Amino acid sequence: MIIGSAMVVLLALGFLAVAGRRLPFIHELVNAGCLLVTLVLTIESATYLMGAAQGQNPSILLPFGLPWMSAHFRLDSLSAFFLVAINIPSALASLYAIGYSHHLPEAERVTPLFPLFLFGMNGVLVADDAFVFLVAWEFMSLTSWLLVLSDHKSEQARKAGTVYLVMAAFGTFCLLAAFGLMAGAGGAYDFASIRAGHAVGLTATLVVLLALLGTGSKAGLVPLHVWLPMAHPAAPSHVSALMSGVMTKVAIYGLIRILFDLCPTVGWEWGFVMMLAGGVTAVLGVFYALMQRDLKTLLAYSTVENIGVVFIALGLAAAFRDHGEMGLAALALVAALYHVLNHALFKSLLFMSAGAVIAATGQRDLDKLGGLFNRMPITGLCFLVGACAISALPPLNGFVSEWLVFQALFHGPTVAHWAMRFGVPVVGVMMALAAAFAASCFVRAFGIAFLGRPRSDAARIAEDAPLTMQVAMVLPAFLCLCLGVFPVMVSTGIASVVEPLIKVKLPPAILGWPWLSPVSATAGSYSATMIMLTGMALGITTILVVHHFGSRKLRRAPAWDCGHAEDLPNAQYSADSFSQPARRVFGSTIFAARETVDMPPPGDTGPARFSLRMVDPIWDGLYMNIVKAVTVISGLVNRLQFLTVRQYLLMMFWTLVLLLLIVAARQSS
Amino acid sequence: MTALLWGIIHTWLVVGFAPLTVGMVRLTKARLQGRRGASPLQPYRDLWRLLQKESVVADSASWLFRSAPYIVFVSVWLAATILPTVTTDMVMTPAADLIALVALLGVTRFFTALAGLDVGTSFGGLGASREMFIASLAEPAMLMVIFSLSLLAHTTSPAQLVTFVLSGHVGLEVSVGLALGALLMVAIAENGRIPIDNPSTHLELTMVHEAMVLEYSGRHLALMEAAAMVRLLLFLSLITCVFAPWGIAGPGDGPLFLLLGLAAWSAKVLTLAVFLAIFETMVAKMRIFRIADFLGGALLLALLAIIFLYVSEAV
């Protein structure tokens, strides 16, 4: 009930922002309103989760929707978990927006749509029939599309908007067909009837395929990800945070809802496919991210990578479930949900920090930044925490979920089928490569943007973000630490979310608190709490020993650099030079990267030129070919517009004959 | 109680023993190259000397530059503390399995690379870029080694692995040999030894690790050097602990077994150190872009180890 009214308030806030656009503090007012509402939603769904053991699922019927049925809304532990996971970052983004709106060129194009976007996402989570689900889904897509277009003067944003609209339409179309197939000919679109009538055989296969395409295109599964690195960075930073950190999670929710709740007859083959697709997504996502110079595009590609990790875990869960390994299925699903929560937090954190950098310097190009850690200490520290978390460094949260995924993955060969047994090590390599290169990618992002010497005047005079933005960044950084240091508590909570889906409750700590040991007492354990405590003890010891026995003197001097230090900031390593080894080894095959150096002849004092060419294999190799094919087909179809009346009549006649033949064939068979 | 006591003793044991290991490697190398070489105790003296010197920090450095040595040293030390070497009965052993150990080493690398970028010199960036590249290839190989071991022993915990190997369930498996080969290659790469990197070069474009810590001096350099030493000891211990755990005491063993474990561990680690020196004398450093082939080979060995496990199960 409270959740419902909170959502109505979000809707109202959107209209208020339009109606009161001339009021002096309207942006602050609306964003503060969003903050309040999302906080209420978080608290309400968190309290529901705490008491979810009773198994009550409050539901509401509202008299609108399809003509023959009312709109169903329902709250269960899965939607409550996702409500928490999306409303915490949303609350932080709203808080951030209070300070950030001043930096936007046209804030009045953002403020009214922001609460509506939140409304759409929350709507998807509480929907209990296909109609409400799809309407909310489209609401979410369209509002975010308008938010991407808020910077409508930029050519890039317009292109991103077009691609996004096409991909969103494709995704919704797939979901529409998936729900249609699940509902059957009777049109029983409410989730309860879908659950009752299990789809089997070809229908189930089609449902899974369509659901994968539909949700995968929204989540950013390779090769459906192309819109994501264009659209996410084009939006204002707090919206990018929500699109990357939160909207992709709504897509994951849709997939879990379909595969693990509505249509749970998925075979292990589909788990295998998801796992493989996830692996490819993770590796390609991180390689793309490593090659980017634009800070926000880099973060968007890293989202693609993390979605891949979630898909690996989901695929494993589906495969385990089909083979009756319910304990391992629960483990994999807990790992997936843990990663969803983590990624929602640290990706919002990173996007908000990137937004603070852009607000302070006006630069998104890594090679125009540098030295910001001295000028923007709070933002820098927050970005550092986010970077450590996303690089899966203990004791932060990213490592916990990655550890859980690896634990699940290492038990993959339990599924005794040769495809799984040989597939799992391959996916393991991909996942490990993605994890390792993610660390590389974020050393590069943080190191080039925040460390070193300033590479432009804007970076030299940058100042730290205002207080509200700082608070909005410090809080998720702190949450990342908490989720990392107390993993047993979090995974116990998530285990109770997974229980209704898998029918098995994962015991996250068989060895007892604080040892995270989900598989068995001997299969391996991890305790961030102990690592943190011991690390602190060892750290204090080190400091005491070094300062007691060693010299405490410190002198500031110019950098040494083996005696030939350069004054020019451009002589530092740049973003492109940092990724050069990886580009040489992997980029030359994946991106057809070609480096050319033009040296002037000896004696000539002209500058040498270095140029780099890269080809996007998916955009140029796949999508451009689709565009070409569509152009050719439309050229052919175009002829139909210029026929004579006689030819049109003849065409109608033949169509009629054909239809009659089909009807006749069906009746006789 | 003994678990707690041994946990604390072990903490100091690893940090005390690490310089000696490095000293042994250097001494053996010197002898093989026809030099007399310094005493194996020289690394202790070096560290002490560095500690006494004042630290010079570049003007452009942020506070990360000054705190990185502490973070780097503590995370390596922590990893070395957790790994069972003398006895498996230590209070911290369940805190991290092998995956978490790899991740702790990741923390070290992450902050070393950031420290290399912090001053804004070209050498620092060069070192950071190459180190992250090498590690990004070495880490998957390492994780695949862990995967194959976990398939064999159904555990990723080092203490359980020791117990498993000691219980004699594992015969002479091809996979074990392949995994050992892969782990050795990873260890060479992660410690920046020849043929991947040369720990004793300076002012050469071939250096990786040294390039990152180029700007350090005084106590900060001492910590960075100590971290590198502990990391070498950690990898040598890891190899002995997983592939030759004989002598490691279990829970409930008396002090005699612990002494035996201590003797066995130091003997094994020093032997490995000598072998490392011999190997390093025999091979030449490779070009940076050949490293991808080297580590790709390690990854492939680890994958083969997994596949051979399936084969031996099927037979």
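This briefing walks through a surface patch, a serine in a helix and an arginine in a strand. The model is predicted, so local features need pLDDT of at least 70 and side-chain atom pairs count only at pLDDT 80 or more, while totals for chains, interfaces and linings use all residues. As for bookkeeping, residues are numbered from 1 along each chain as its sequence is written, chains are lettered from A and ligands numbered from 1 in the order in which they are written, and side-chain values use heavy atoms, with hydrogens and water left out.

**The nonpolar patch**

- A:Val545, A:Phe549, B:Met1, B:Leu4, B:Ile8, B:Trp12 and B:Trp48 make a nonpolar surface patch of about 770 Å².
- Two elements give two or more residues to the patch: helix H21 (528-549) of chain A and helix H1 (2-32) of chain B.
- H1(B) supplies the largest share, three residues.
- To be in a patch, a residue needs over 30% relative accessible area and no salt bridge; like charges are joined within 9 Å, and nonpolar side chains (Val, Leu, Ile, Met, Phe, Trp, Tyr) within 5 Å.
- A salt bridge here is a side-chain nitrogen of Lys or Arg within 4 Å of a carboxyl oxygen of Asp or Glu.
- Areas come from the Shrake-Rupley method with a 1.4 Å probe, and for residues only the protein chains shown count as cover.
- A:Val545 sits in helix H21 of chain A, and its 32% relative accessibility makes it partly exposed (buried is under 20%, exposed over 50%, partly exposed in between; 1.4 Å probe, protein chains only).
- Helices (H or I, at least four residues) and strands (E, at least two) are DSSP runs, numbered from the N terminus.

**A:Ser144**

- You'll find A:Ser144 in helix H5 (residues 130-148) of chain A, where A:Ser144 is buried at a relative accessible area of 0%.
- A polar atom of the A:Ser144 side chain lies 2.8 Å from the backbone oxygen of A:Met140.
- The A:Ser144 side chain also reaches the backbone oxygen of A:Ser141, at 2.8 Å.
- Setting aside neighbours within four places in sequence, A:Ser144 is in contact (heavy atoms within 4.5 Å) with A:Phe117, A:Tyr164, A:Met243 and A:Met247.

**A:Arg74 and its strand**

- A:Arg74 belongs to strand E2 (residues 71-74) of chain A and counts as buried at 19% relative accessibility.
- Both faces of E2(A) are covered, with A:Ala71 and A:Phe73 buried on one side and A:His72 and A:Arg74 buried on the other.
- E2(A) pairs with strand E1 (residues 59-62) of chain A in the antiparallel sense over four bridges; pairing takes at least two DSSP bridges.
- Opposite A:Arg74 stands A:Ser59.
- Not counting residues up to four places away in sequence, A:Arg74 touches several residues, including A:Asn57, A:Asp128 and A:Arg195.

Methods
A polar contact is a pair of N or O atoms within 3.5 Å; within protein, one must be able to donate a hydrogen and the other to accept it, and residues adjacent in sequence count only if both atoms are side-chain atoms.
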